[in-house]
Amino acid sequence: MRGRLWRASNPNLSEAERAKLVDRLMDARRAVGAALKAGDRTAEKAARADVHAAKVALGERGPVWWSDGAPDYNRHLVKNTPYAGDSG
């Protein structure tokens, strides 16, 4: 297994809330692309902040949503985690 680990969305979100947040995330990602295409650094910065806010709301960034005390390996290289030996 190579690459980075990415945190999953909070499974405790209702399907409606998760769908709303994913739509918000996709809108923000499209805004990043539009800002890059237009060369608008101010719009890009705002759009990237919107991407981050949506990811935090989804539970993919920010405070952990689980309560079992397991560490957060989000964005760590797999080789630097206990999952390094997994073939998954």
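I take a salt bridge to be a side-chain nitrogen of Lys or Arg within 4 Å of a carboxyl oxygen of Asp or Glu. The model I am working from is predicted.

**Entry 1: salt bridges**

I searched the whole structure under that definition and got seven salt bridges. I then looked up some of the pairs.

I found Asp-72 and Arg-7 joined through their side chains, with an N to O distance of 2.4 Å. Arg-7 sits in the segment before helix H1 (15-38) and Asp-72 in the segment after H2, so this bridge ties together parts 65 residues apart in sequence. I checked burial for both partners. Arg-7 has 10% relative accessibility and therefore counts as buried. Asp-72, at 30%, counts as partly exposed.

I turned next to Glu-15 and Arg-18, whose closest N and O atoms are 2.9 Å apart in a salt bridge. They are three residues apart in helix H1, so about one helical turn separates them. I noted Glu-15 as exposed, at 52% relative accessibility, and Arg-18 as partly exposed, at 32%.

In helix H2 I looked at Arg-41 and Glu-44, again three residues apart, about one turn of the helix. Their side chains form a salt bridge at 3.5 Å, N to O. I read Arg-41 as exposed, because its relative accessibility is 65% and the cut-off is over 50%. Glu-44 is buried, with a relative accessible area of 12%.

**Entry 2: Glu-60**

I located Glu-60 in the segment after helix H2 (41-58). Is Glu-60 buried or exposed? Its relative accessibility is 15%, and buried means under 20%, so I put Glu-60 down as buried.

I listed what Glu-60 touches, leaving out residues up to four places away in sequence: Arg-7, Ala-8, Ser-9, Lys-55 and Asn-74. Two of these contacts I followed further. The side chain of Glu-60 makes a polar contact of 2.8 Å with that of Ser-9. With the side chain of Lys-55, Glu-60 makes a polar contact of 2.7 Å. Arg-7, on the contact list of Glu-60, is also the salt-bridge partner of Asp-72.

**Entry 3: the largest pocket**

I looked up the largest pocket and noted a volume of about 220 Å³. It is lined by 13 residues, and those closest to its centre are Trp-66, Pro-71, Asp-72, Tyr-73 and Tyr-83. I sorted the lining into nine nonpolar residues, one polar and three charged.

Notes. Residues are numbered from 1 along each chain as its sequence is written. This is a predicted model: local features need pLDDT of at least 70, side-chain atom pairs count only at pLDDT 80 or more; totals for chains, interfaces and linings use all residues. Side-chain values use heavy atoms; hydrogens and water are left out. Helices (H or I, at least four residues) and strands (E, at least two) are DSSP runs, numbered from the N terminus. Buried means under 20% relative accessible area, exposed over 50%, partly exposed in between (1.4 Å probe, protein chains only). A polar contact is a pair of N or O atoms within 3.5 Å; within protein, one must be able to donate a hydrogen and the other to accept it, and residues adjacent in sequence count only if both atoms are side-chain atoms. Contact means heavy atoms within 4.5 Å. On a 1 Å grid over the protein atoms alone, a cavity is a set of points where a 1.4 Å probe fits but cannot get out, and a pocket is an open set with protein on both sides within 12 Å along at least five of seven lines; lining residues have an atom within 4 Å of a point. Grid points are joined across faces, edges and corners, and a volume is the space filled by probe spheres set on the points. Ala, Val, Leu, Ile, Met, Phe, Trp, Tyr, Cys and Pro count as nonpolar, Asp, Glu, Lys and Arg as charged, and the others, Gly among them, as polar.
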